[in-house]
Amino acid sequence: MQIPYYHIDAFTDKPFAGNPAGVCFLEQWLDTSTMQKIAAEHCLSETAFLVGHGSHYELRWFTPAVEVDLCGHGTLASAFTVFLERRPDTDTLTFTTQSGLLTVRHQEDKLEMDLPARPGQSCAIPEGLETAMGISPIETYLARDLMAVVETEQQVRNLQPDFNLIRQLPGFALIVTAPGEQCDFVSRFFAPQEGIDEDPVTGSAHCTLAPYWSTRLKQNLLNARQISARGGELTCTVQPQTITIAGKAVLYMAGTITI
C-alpha cells in the first residue's frame with residue numbers, strides 16, 4: 001500500500017519553525033493500530049489522516065502515543081495541503097472530526113479555522129503543580145487541559161518543567177500562560193503523558209487560552225505567540241461557541257509511505 005504523505009510546518013511562514021505535522025491521504029480508513037504505528041514512526045507531535053469526499057474530509061489526529069479529539073495545527077496543516085494539492089479551486093473546506101464539524105477558509109495569505117471554545121473552570125492549584133513548574137501560578141483553570149497563569153512572559157520562557165511530575169497532574173496536558181510583551185499573551189504547552197513533552201504550537205490549547213484572555217483583556221481579537229524553541233504565531237477571534245484561529249503554513253516535504 002502506498003499513502004501520499006506531506007510534512008507541513010504550521011503556524012509559521014518559514015520552514016524549521018512553527019509546529020510540524022504529518023498529513024496522510026487515505027482512500028479509506030486503515031485500522032486504528034496501523035495509523036498509530038505510522039504516527040509513532042514519524043515521531044511528530046501530530047500526524048493527521050484524511051479520507052476525502054470532494055471538498056469535505058473526514059479527519060483524525062494521532063500523537064506518537066494516542067489518538068486525540070482535537071488538534072489545531074494538524075487541521076491547519078491538513079487544510080493547507082488540500083488547498084495546495086487537491087482542491088486549489090475552492091476556498092472553504094469542512095472536516096468531520098471527533099470534535100464535530102470544523103471549517104477552514106483560505107483568506108489571503110492565511111488560513112482561518114473555526115474550533116470549539118473550551119473555556120476553563122477556575123480550580124484550586126492542583127497538588128504537585130508548583131513543584132512540576134518550579135514556580136507558583138497566580139491562577140489555575142481546568143478544561144480538557146490544565147491551564148496555569150503566571151505573571152510574566154519571561155517566567156513562561158524560562159520554564160523548565162519536570163515532565164515526570166506533569167504526568168501526574170489532572171487534564172490532558174499543561175498550558176502555562178502570561179501576558180505578552182509584544183503580543184496579547186504567550187504560552188507553552190506540555191503533554192508528556194500523551195507522548196509530547198512540549199508541543200511547539202498548539203491550536204487546541206487556544207480554545208481555552210483565548211476565552212480567558214478575551215475576558216481578562218476585554219477584547220475579542222487577540223494576537224498570541226507560543227514561545228517554544230520553534231515558536232509560532234496565531235490570531236484568535238473569540239465568539240460565544242467558537243474560536244477562529246488564523247495562521248500560515250509551509251510545505252517542507254512531500255513523499256509516499258509504503259507499508
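Colleague: How far apart are the mean positions of the positive and negative charges of the protein chain?

Modeller: Lys and Arg count as positive, Asp and Glu as negative, with His and the chain ends not counted; each charge is placed at NZ of Lys, CZ of Arg, CG of Asp or CD of Glu. In this chain, the mean positions of 17 positive and 30 negative charges lie 2 Å apart. The model is predicted: local features need pLDDT of at least 70 and side-chain atom pairs pLDDT 80 or more, while totals for chains, interfaces and linings use all residues. Residues are numbered from 1 along each chain as its sequence is written, and side-chain values use heavy atoms, without hydrogens and water.

Colleague: What percentage of the residues in the protein chain is buried?

Modeller: Buried means under 20% relative accessible area, exposed over 50%, and partly exposed in between, using a 1.4 Å probe and protein chains only. Here, buried residues account for 54% of the 259 residues.

Colleague: Is threonine 202 buried or exposed?

Modeller: Threonine 202 has 4% relative accessibility and therefore counts as buried. Its place is the loop between β14 (196–199) and α6 (206–217); helices (H or I, at least four residues) and strands (E, at least two) are DSSP runs numbered from the N terminus.

Colleague: Which residues does threonine 202 contact, leaving aside neighbours within four places in sequence?

Modeller: Contact means heavy atoms within 4.5 Å. On that basis, threonine 202 touches Phe189 and Gln226.
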